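Colleague: I am new to this structure and would like to learn how to read it. Please take me through a few features, one at a time.

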Amino acid sequence: MRFVRASLFASTGLLLFFSGCREAKVQSYRVPKEAPLPPLSFEMPGGMAAANAGAGPNANPTAQPAIPAASAADAALRWTAPESWAPLPPVAMRVAGYRLTRADDSSTAELTITAFPGDVGGDLANINRWRGQIGLNPISADTLATELQRLRIDGPEGQEGERKPRDFKLVEMTNAQSSPAQATLAAYTEHDGHTWFFKLTGAPALISAEKPAFLEFLKTIQPR
Amino acid sequence: MRENWDEFIKFFTSLKLTVVLLALSIVLIFWATLAQVELGIWGVQEQFFKTFFVLKKIPGTEIPVPVFPGGYFIGGLLLLNLIFSHLYRFRFTWGKSGIQLTHSGLILLLLGELFTGLWQQDYQLRLDEGVEKNYSESFRDQELAIIDTTHPDYDDVVILPDRLLAKRGGKSGRAEVQHPKLPFRLVVRDYYPNAIPQTRDQVPPNAPSVPPTTMGFGRDFTVIPLPLSYRQDQSNLSAAVVELIGPDGSLGTWLLSAHPFVRPQPFEYAGRSFELSLRFARNYKPFSLKLLELRHDVYPGTEIPKNFSSRVRLSEAGAQADREVLIYMNNPLRYGGLTFYQYQMDSASGYSVLQVVKNPSWMLPYVSCILMMAGLLIQFGISLFGFTKKRSLTAATATATAAVATSASAQPPPAKTAKPRRTR
């Protein structure tokens with residue numbers, strides 16, 4: 001009798017189970033043409049353009065994105081940038097960006113803030129990637145220790161007056177031989193399973209002048 | 001056979017089953033409440049309640065196994081239990097009519113929840129000021145659209161839902177689609193339910209990214225797969241690598257992403273113009289809405305919101321509908337079986353987002369609550385009426401007894417004392 005009861009129970013369960021299944025199907029329909037979307041800005045570091053930028057009759061490289069992509073507003077970390085750093089318009093794939101300009105010679109630098117899951121390849125690979133971007137040769141693992149500085153920075157004061165320290169790795173590199181000369185000052189830290197990169201690239205004199213402000217900026221970084 | 005049927009009825013009318021199901025539902029709700037910390041409200045609804053079984057993967061594998069009955073299973077059996085009990089245990093009497101009505105309301109409430117789970121559709125409609133739209137977009141579901149843009153007046157669209165993209169099968173290990181409207185075959189090479197696009201030169205070495213595709217966006221960009229997010233305020237943005245294959249061979253591979261940054265990727269084939277895009281699933285409507293004005297009012301001297309409202313023009317050619325509607329908090333627009341609620345707004349950027357809800361069973365909870373309320377009122381009314389009737393009867397009897405006793409005491413005692421009438 002128990003077998004019969006179990007069978008009835010199971011069959012009812014299966015009936016309910018299969019009655020709830022909905023199959024995904026390919027569909028087709030015809031719609032009137034909609035107004036073309038405003039094109040996006042494809043301003044990317046290094047002047048790279050998107051594959052479909054400029055394609056089509058309505059391309060306008062100066063237009064802003066309709067929807068900011070990875071925006072600082074919903075990032076897991078927040079910070080306070082110096083007022084002299086001009087926020088760059090929202091560009092997809094990057095959490096935030098700032099343009100730094102030197103008044104006397106109009107030289108510029110750009111700070112980009114990005115986040116990637118995991119440790120994204122480790123210190124040596126990241127440093128060599130940045131070296132490659134400004135035309136420097138890669139370094140070996142033996143010289144890594146001299147290139148990489150470790151910083152422990154107290155974060156901003158919390159609600160109860162406490163300051164939570166955050167560990168950063170800091171690298172500086174300059175290629176005076178390139179035309180124009182280029183320098184990179186980058187710091188990165190781990191937060192919530194992601195590696196956050198704060199990379200300042202531009203004219204060496206400007207990077208050098210802005211280094212204290214950059215270090216102060218790192219102190220303002222805190223979880224949202 | 002008769003014996004089996006009796007056993008079946010006995011099982012489904014059992015009060016033990018009710019108690020077990022209620023206990024299971026308590027455990028399910030408690031577990032889901034704890035899981036909500038990690039999964040968020042959508043994840044919990046999908047994995048615990050809108051399912052027949054709570055599935056967990058065997059550690060180290062991708063094989064899901066049922067570990068606990070889900071909301072549909074427990075709710076479905078409770079519903080059957082209640083219906084069978086009504087049919088076989090309860091007998092209709094006027095004295096119990098309130099209980100019957102209350103239980104009918106409960107049955108309707110359970111059915112309403114089931115229908116809502118099965119049929120309700122939630123979409124969002126983002127309207128920029130001055131822009132007219134005739135479709136809303138899903139909050140979570142995405143779709144691959146192959147759009148034939150050749151004709152100057154209309155587009156022919158072929159849609160593959162994301163569930164189909166995620167499905168495994170076919171020679172490539174993923175879905176393969178040959179649609180009569182398309183002169184080529186589409187093969188899904190890879191699918192990532194959540195991934196962020198990134199320029200190739202910005203991708204750190206050893207990061208898990210997708211190799212270059214031969215066409216479009218994927219030549220210079222890649223995507224980095226991310227774990228699925230169950231947070232209510234975050235969307236998973238899917239990505240896919242697809243290959244189009246014509247009669248003469250491959251037309252190339254494309255990287256598609258649902259990220260709003262990635263626009264439809266155009267290409268030409270066989271004298272026709274096409275676009276490929278991965279986007280939030282669209283739901284087209286026979287009417288359109290145009291945002292005329294949005295207002296975000298605050299109380300004077302403060303930043304405290306006082307009012308969010310969107311003034312829209314509703315137009316439907318066939319139905320001759322052309323009117324202005326003001327949508328604000330607690331004042332949604334109901335039209336065409338849909339309800340448009342004011343959902344989000346960014347007055348600085350000049351856009352408003354409406355939540356579009358389609359729920360054919362939206363009236364059922366109201367009706368069931370009215371039924372339950374009426375049932376309880378009737379049942380309590382019957383009890384109260386019976387009680388007051390008895391009480392007045394008792395009082396009348398007591399008065400009569402007292403009168404008899406008074407008159408009896410005024411007269412000389414009879415030879416034999418009359419026995420008073422016993423009252424209940």
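Colleague: Where in chain B is confidence lowest, and where is it highest?

Modeller: Confidence here is pLDDT, the predictor's score for each residue, from 0 to 100. In chain B the lowest mean, 79, belongs to strand β8 (residues 195–199), and the highest, 94, to strand β5 (residues 154–161). Chain B as a whole has a mean pLDDT of 85, with 93% of its residues at 70 or more. This is a predicted model, in which local features need pLDDT of at least 70, side-chain atom pairs count only at pLDDT 80 or more, and totals for chains, interfaces and linings use all residues. Residues are numbered from 1 along each chain as its sequence is written, with chains lettered from A and ligands numbered from 1 in the order in which they are written. Helices (H or I, at least four residues) and strands (E, at least two) are DSSP runs numbered from the N terminus.

Colleague: How do the axes of helix α3 and helix α4 of chain B cross?

Modeller: Two packed helices are described by the angle between their axes and the distance between the axes. Axes are lines fitted to C-alpha atoms, for helices over the stretch in contact, with angles from 0 to 180 degrees between N-to-C directions. For α3 (residues 71–88) and α4 (residues 97–119) of chain B, the axes come within 10 Å and cross at roughly 150°. The two helices, α3(B) and α4(B), are therefore roughly antiparallel, a term for angles over 145 degrees.

Colleague: Which residues of α3(B) meet α4(B)?

Modeller: Contact requires C-beta atoms, placed from the backbone, within 7 Å. On the α3(B) side these are B:Gly75, B:Leu78, B:Leu79, B:Leu82, B:Ile83 and B:His86; their partners in α4(B) include B:Leu106 and B:Glu113.

Colleague: Is B:Tyr72 buried or exposed?

Modeller: A residue is buried if 20 or more other C-beta atoms, placed from the backbone, lie within 10 Å of its own, exposed if 12 or fewer, and partly exposed in between. B:Tyr72, in helix α3 of chain B, is buried because it has 21 C-beta neighbours inside 10 Å.

Colleague: What is phi at B:Ala270 and at B:Asn330?

Modeller: Most residues other than glycine have a negative phi, and most peptide bonds are trans. B:Ala270, in the loop between β12 and β13 of chain B, has a positive phi near 55°. B:Asn330 has a positive phi of about 65° and counts as exposed, with 6 C-beta neighbours inside 10 Å.

Colleague: Which residues does a cis peptide bond join?

Modeller: A:Ser179 and A:Pro180, with omega about -5°.

Key: Parallel < 35°, antiparallel > 145°, perpendicular 65-115°, else oblique. Contact = placed C-beta atoms within 7 Å.
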